[in-house]
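Hi,

Here is the structure I promised to pass on. Have a look at it first, and then read my notes below.

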Amino acid sequence: MIGLKGFHRRLLFVLFLATVTMLIAGCGEEEKFNKEKAQILDELKQVQLIRVPDGLEGDSLDAAIDELAPKHKAALEQIDNRLKALGDKYEKADAKFKADTEEIRKTLKQEHIEWLKAAVAPKIKGDPVMGVGIGCRWKEIEEILGEPIEKKQTSGLKEFKYSGLVFNEIRDYGETYGKPLPPSYGPDAYYMTGNGYKTGSGIQVGMTKAEILECYKGKLSSLDDHTDSRFIIMQYDPTPDHKHAYNQYMQLTNGKLNRLIVAKH
C-alpha cells in the first residue's frame, strides 16, 4: 500500500513529467513555426524588391505600372495564403501562432496600396490627396481609395464621388470640334470638403489661413491671398524651377478652410 504522502509525491512527479513533456513539445512546435515563418518572410522581402524603375514618364510609366502592379499584388496574395495556412497548421499547438500570422496578414493589403501610391506619385500634378490626384488614372484612384460611393459617366463628364472628396473630368470644352472624344484617362480636378483627408503637403479641412500658408511655404509659384478674405488662389509647384505650376483654390469660411479645389482649368 502506498501512503498518502507517497501517493501525492508520485502524482506530483507524474504531473511534472507531463508538464515537461508539454513544454518540450511546445518548444519544438514553436521552433518549427518560427522556421517556416522566417522562410515566408524572406519571400516577402523579395516581393518588396519589386519596384517601378525610376525616371519613367507618360506611357512608359503607365506600361510599367500595368506590368508590375498585378505581379506585386499576386505575390502578396500568395504570401497571405501561406501565412493563413501556417497559422491554421499550428493553431492547435498554441493560439498565439495563428495570432502572430494574422497580425502580419493585416499589413499586406495596405502594403500593396502604399506600393501603388509610390508608383503613381511621379504622375501627379498639384497637391495630391491621400496619395492620388490629377495625373492618376481612374483605376488607380479606385484601387487606392476604394470603391466610390457614386460614379457618374456622361459624354462630357466622368466623376468619382467619395464622402467629402470628389474627382471629376469635364470633357466638353470644344477642343475636338465635333470629333469623337478620346478615352477618359483620369480626373482633371478634385474637390476636398470632408474631414479625415489630408494632402501631400498636410492640408486638411478646418485649417486656418496661416496654417495653410505655412504648409505651402516654398512650394508655390504664385499666391493671391489678399483680394478676397474668403479665398486663397495659388499655383502649386514644389520643384525649384516652377515649370509645372498647377492651379489650386482655397475657400475659407470664418477664417478656416472648408474647400480645396485642385484643377487644370
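Let me start with asparagine 168, which sits in strand 5 (helices, H or I with at least four residues, and strands, E with at least two, are DSSP runs numbered from the N terminus). Asparagine 168 is buried, with a relative accessible area of 6%; buried means under 20% relative accessible area, exposed over 50% and partly exposed in between, with a 1.4 Å probe and protein chains only. Setting aside residues up to four places away in sequence, asparagine 168 touches Trp138, Leu157, Lys158, Glu159, Pro187, Asp188, Ala189 and Tyr191, where contact means heavy atoms within 4.5 Å.

Before I go on, a word on what this is: a predicted model, in which local features need pLDDT of at least 70 and side-chain atom pairs count only at pLDDT 80 or more, while totals for chains, interfaces and linings use all residues. Residues are numbered from 1 along each chain as its sequence is written, and side-chain values use heavy atoms, with hydrogens and water left out.

On to the strands around that asparagine. Strand 5 covers residues 165–170 and runs antiparallel to strand 4, with 6 bridges joining them (two strands pair if DSSP finds at least two bridges between them). Tyrosine 162 stands opposite leucine 165 of strand 5. This hairpin has 2 residues between its strands, and glycine 164 takes a positive phi near 85 degrees there.

Now for helix 4. Its buried residues are Trp138, Glu140, Ile141 and Ile144. Viewed down the helix 4 axis, they fall within an arc of 165 degrees, so they line one face of the helix; the arc is that of the directions from the helix axis to the C-beta atoms. What do these buried residues pack against? The partners are helix 2 (58–90), helix 3 (95–120), strand 2 (132–134), strand 4 and strand 5.

Is glutamate 140 buried or exposed? It is buried, at a relative accessible area of 3%. Neighbours within four places in sequence aside, glutamate 140 is in contact with Asp62, Ile65, Leu116, Val120 and Lys123. With valine 120, the C-alpha to C-alpha distance is 8.0 Å, across 20 residues of sequence.

Helix 3 and helix 4 pack at an angle of about 145 degrees, with their axes 9 Å apart. His112, Ile113, Leu116, Lys117 and Val120 of helix 3 make the contact with Glu140, Glu143 and Ile144 of helix 4. (Axes are lines fitted to C-alpha atoms, for helices over the stretch in contact, and angles run from 0 to 180 degrees between N-to-C directions.)

Finally, the whole chain: 5 helices and 10 strands, with 35% of the 265 residues counting as buried. Of the contacts with a separation of 6 or more, 47% come from residues 24 or more positions apart.

Cheers
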